[in-house]
Amino acid sequence: MTRAATSERAAILRDSLGVGLATGAYGVSFGAVAVAAGLSVAQTCALSLVMFTGASQFALVGVLASGGAPLSGALTALLLGTRNTLYGLRLAPLLRWRGWRRVAAAQVVIDESTAMSVSRTSTETARVGFLATGSSVFVLWNLATLLGALAGNALGDPRTYGLDAAVGAAFLALLWPRLADRRNQVVAVAAAAVALGVVPVVPAGVPVLAAAGVALLAGVLSRRPDPTEYPEPPR
Amino acid sequence: MSPSALWLAVLGAGAGCYLLKLAGLAVPPRVLDHPVVERVADLIPVALLAALVVVQTFAVGRHLEIDARAAGLAVAALAIALRAPFLAVVVLAAATAALIRAF
């Protein structure tokens with residue numbers, strides 16, 4: 001390997017670890033919120049190990065916390081998980097893995113690993129960015145989840161500590177980077193209005209699913225050519 | 001909620017989310033490469049996250065209510081606008097709601 005390639009690799013590894021640390025840290029808040037929503041420590045850790053995609057995990061526990069049925073929570077999590085399919089479509093020709101490597105790599109197709117690899121120009125550097133980010137986020141996110149779940153269990157009534165308010169804040173932080181676009185702003189406001197509008201008439205958990213209808217409608221009616229939005233590398 | 005229903009949701013949705021990731025890497029691009037599919041998939045996180053924000057903040061069962069959570073959300077919005085990191089945003093929102101409830 002040339003010296004330039006070695007230092008580029010080192011830079012990618014350093015950035016990836018930074019992203020892993022920053023993302024892992026908020027796994028603590030997920031762990032605490034999940035046990036506050038009524039999941040056991042084991043269920044909370046299973047979510048981070050098996051589901052391993054932050055927005056879907058927060059959505060599942062958020063729906064449960066607001067009194068929704070487990071099925072509503074699961075459906076919301078799955079709908080949010082569809083964006084990882086789009087990331088995978090874009091990453092496949094770049095990473096070019098087959099067989100068991102592809103099966104293993106799929107688990108860490110998330111916002112952060114996509115952001116750190118989708119803009120690379122070679123398969124070699126894309127793989128380094130993807131693997132280094134994906135694996136550091138995976139390890140730290142799971143450790144932090146366990147810590148947060150144990151701490152949350154020790155806290156007692158979550159409302160005393162405002163943990164219920166933390167969930168809405170987490171969703172706002174995840175939503176915010178997507179609001180730069182005008183059409184996204186309109187969809188967000190319409191979805192929020194639909195969800196609040198049906199709260200009094202449908203069971204908890206369903207208002208959020210109803211809001212997905214706004215995305216469906218806007219996506220079908222909109223004519224604008226629209227390249228898929230990929231996440232920016234986190235700050 | 002029974003523990004088994006929760007386990008089913010956790011493991012079922014977890015496995016489903018894994019398969020969604022694998023589908024992206026493994027399915028031939030032309031199967032999913034359609035402008036409408038792409039637009040809907042891009043808009044779903046926007047719509048769901050916006051709905052989750054307001055439902056988490058204003059719903060109590062089947063009622064709407066403005067309480068300490070709304071203050072927490074306002075503080076969170078301010079923190080995000082000032083480019084605070086994720087963890088700080090979440091902690092500030094929780095602390096705000098906790099303080100209001102304590103007094």
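I began with the term I needed: a nonpolar core is a set of buried Ala, Val, Leu, Ile, Met, Phe, Trp, Tyr and Cys residues joined through C-beta atoms within 7 Å, where buried means that 20 or more other C-beta atoms, placed from the backbone, lie within 10 Å of a residue's own. I noted that this is a predicted model, in which local features need pLDDT of at least 70 and side-chain atom pairs count only at pLDDT 80 or more, while totals for chains, interfaces and linings use all residues. Residues are numbered from 1 along each chain as its sequence is written, and chains are lettered from A in the order in which they are written.

I looked up the largest nonpolar core and found 117 residues, with A:Ala191, B:Ala47 and B:Ala51 among those with the most contacts inside it. Helix H3 (residues 35-58) of chain B gives the most to this core, 15 residues, helices being DSSP runs of H or I, at least four residues long, numbered from the N terminus. Domain 1 (3-161) and domain 2 (181-226) of chain A both contribute residues, so the core lies between them; the domain bounds come from an automatic or database assignment.

I then checked contacts, counted when C-beta atoms placed from the backbone lie within 7 Å. B:Ala51 touches residues of chain A including A:Ala191, A:Pro207 and A:Ala211. In total, 89 residues of chain A are in contact with 70 residues of chain B, and H4(A) gives the most to chain A's side, with 20 residues.

Last, I read the confidence (pLDDT, from 0 to 100 for each residue): chain A has a mean of 90, and 95% of its residues reach 70 or more.

Methods: pLDDT is the predictor's confidence in each residue, from 0 to 100. A residue is buried if 20 or more other C-beta atoms lie within 10 Å of its own, exposed if 12 or fewer, and partly exposed in between; C-beta atoms are placed from the backbone. Helices (H or I, at least four residues) and strands (E, at least two) are DSSP runs, numbered from the N terminus. Two residues are in contact if their C-beta atoms, placed from the backbone, lie within 7 Å. Lists of a residue's contacts leave out its neighbours within four places in sequence.
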